[in-house]
Amino acid sequence: MSQTPQSYANHAQYTPLYHFFTSPLALIFLVWSITRFFQNPSYDTGYMLVGGLAMFGVVSVSRLSPLRAQDRIIRLEEQLRFQRVLPTALYEKAVATLSPRHYIALRFASDAELAGLVEKVIANPEMKGKEIKQQVKSWRADYFRL
């Protein structure tokens, strides 16, 4: 867990084993398998291609599944925080309007600026997470995200 103050500029995290080793190797193996299959189509190269697709799929799902579970937890945590911090009418509008991507971006907003940002997002539900995070002035760090 990092103790460096978190901000929009440095909040993204990399998992070195996944981002710089496993994922690139799986992609390289998949590209290599596709190339070999088209250069020399046979049962063996077809089998390698299927193996490359399977390996790339497993590597991708092994990263995306925990992130999806974390997104659900963040949404629940933020709904509880919204209920505690926001006026009832705004809370009800937020629950009816906001998508999970909005909750994920709004988690970085301090309690003091949350109501204003929620109103902006409700007024413009097409706002992207990046746009929401860039408007946060007092950043609430999240050091637990994978």
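Predicted model: local features only at pLDDT ≥ 70, side-chain atom pairs only at ≥ 80, totals over all residues.

Residues are numbered from 1 along each chain as its sequence is written, and side-chain values use heavy atoms, with hydrogens and water left out.

**Exercise 1. Find out which residue forms a salt bridge with Arg140, and where the two partners sit.**

Step 1: A salt bridge is a side-chain nitrogen of Lys or Arg within 4 Å of a carboxyl oxygen of Asp or Glu. Searching the whole structure turns up five of them.

Step 2: Pick the partner. Arg140 pairs with Glu78, and their closest N and O atoms are 3.7 Å apart.

Step 3: Arg140 is in the segment after helix 6 (129-135), while Glu78 belongs to helix 2 (residues 43-85), so we're looking at distant parts of the chain, 62 residues apart. Helices here are DSSP runs (H or I, at least four residues), numbered from the N terminus.

Step 4: Check the surroundings. Buried means under 20% relative accessible area, exposed over 50%, and partly exposed in between (1.4 Å probe, protein chains only). Glu78 has 4% relative accessibility, so it counts as buried, whereas Arg140, at 32%, is partly exposed.

**Exercise 2. Work out which salt bridges Asp111 makes, and which network they belong to.**

Step 1: Start with Arg81. Its side chain meets that of Asp111 in a salt bridge (2.7 Å, N to O). Asp111 lies in helix 5 (residues 111-123) and Arg81 in helix 2, so this pair ties together parts 30 residues apart in sequence.

Step 2: Arg81 is buried at 4% relative accessibility, but Asp111 is partly exposed at 35%.

Step 3: Arg84 is exposed, at 58% relative accessibility.

Step 4: Through shared partners, salt bridges join Glu78, Arg81, Arg84, Asp111 and Arg140 into one network.

**Exercise 3. Describe where Thr22 sits and what it touches.**

Step 1: Thr22 is part of helix 1 (residues 16-39).

Step 2: Its relative accessible area is 28%, so Thr22 is partly exposed.

Step 3: Skip the neighbours within four places in sequence, and Thr22 is in contact (heavy atoms within 4.5 Å) with Leu17 and Val59.

Step 4: For a distance, take Leu106, 84 residues from Thr22 along the chain: their C-alpha atoms are separated by 31 Å.

Key: Helix = DSSP H or I, 4+ residues; strand = E, 2+ residues; numbered from the N terminus.
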